[in-house]
Amino acid sequence: MKIGDRVKVKESVIVYHHPEHKKEPFDIKGMEGELIRIVTEWQGRPVSANFPYLVQFSKKFKAHLKEEEITIVES
């Protein structure tokens, strides 16, 4: 996967920060978005992030995910 890829959430992932469902559990399974960042460093130091893939789903909603939770959407 690379930055700019269109991805889809393939597993059930519960988030509590979706803008339309504040502080409520919301399953993002099946949602599609754009991979905007792969976290490999923080403040100039390498890190091994648990959820390294940052996906932008809408203007107000993005989430950090694991590689096994997303798949590339074929055009």
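Predicted model: local features only at pLDDT ≥ 70, side-chain atom pairs only at ≥ 80, totals over all residues.
Local features need pLDDT of at least 70 and side-chain atom pairs count only at pLDDT 80 or more, while totals for chains, interfaces and linings use all residues. Residues are numbered from 1 along each chain as its sequence is written, and side-chain values use heavy atoms, with hydrogens and water left out.

The sheet is open and contains 5 strands. Their order is β8-β7-β4-β1-β9, with antiparallel pairing. Strands are DSSP runs of E with at least two residues, numbered from the N terminus. Two strands count as paired if DSSP finds at least two bridges between them. Strands β8 (61–65) and β9 (70–72) stand at the edges. Each has a single partner strand, so one side of each is left without a neighbour in the sheet. From one strand to the next, the twist averages 40°. Angles run from 0 to 180 degrees between N-to-C directions, with axes fitted as lines to C-alpha atoms. Strand β7 (residues 53–58) is joined to β8 by 5 bridges, and the two run antiparallel. Ser 58 has Phe 61, in β8, as its bridge partner.

The largest nonpolar core has 13 residues. Such a core is a set of buried Ala, Val, Leu, Ile, Met, Phe, Trp, Tyr and Cys residues joined through side-chain atoms within 4.5 Å. Buried means under 20% relative accessible area, exposed means over 50%, and partly exposed lies in between (1.4 Å probe, protein chains only). Val 9, Ile 28, Val 55, Phe 57, Leu 65 and Ile 70 touch the most other members. Strands β1 (6–9), β7 and β8 are the elements that give two or more residues to this core. In soluble globular proteins, nonpolar side chains tend to be buried together. Val 55 is in contact (heavy atoms within 4.5 Å) with Val 7, Gly 33, Glu 34, Leu 35, Phe 61, Lys 62, Ala 63, Leu 65 and Ile 70, leaving aside neighbours within four places in sequence.

The structure holds 2 salt bridges. A salt bridge places a side-chain nitrogen of Lys or Arg within 4 Å of a carboxyl oxygen of Asp or Glu. One joins Lys 2 to Asp 5 (3.1 Å, N to O). Lys 2 is exposed, with a relative accessible area of 54%. Asp 5 is buried, at 11% relative accessibility. The other joins Arg 6 to Glu 32 (3.8 Å, N to O). This pair links distant parts of the chain, 26 residues apart: Arg 6 lies in strand β1 and Glu 32 in strand β4 (residues 32–38). Arg 6 is partly exposed at 42% relative accessibility. Glu 32 is also partly exposed, with a relative accessible area of 33%.

Technical notes: Helix = DSSP H or I, 4+ residues; strand = E, 2+ residues; numbered from the N terminus.
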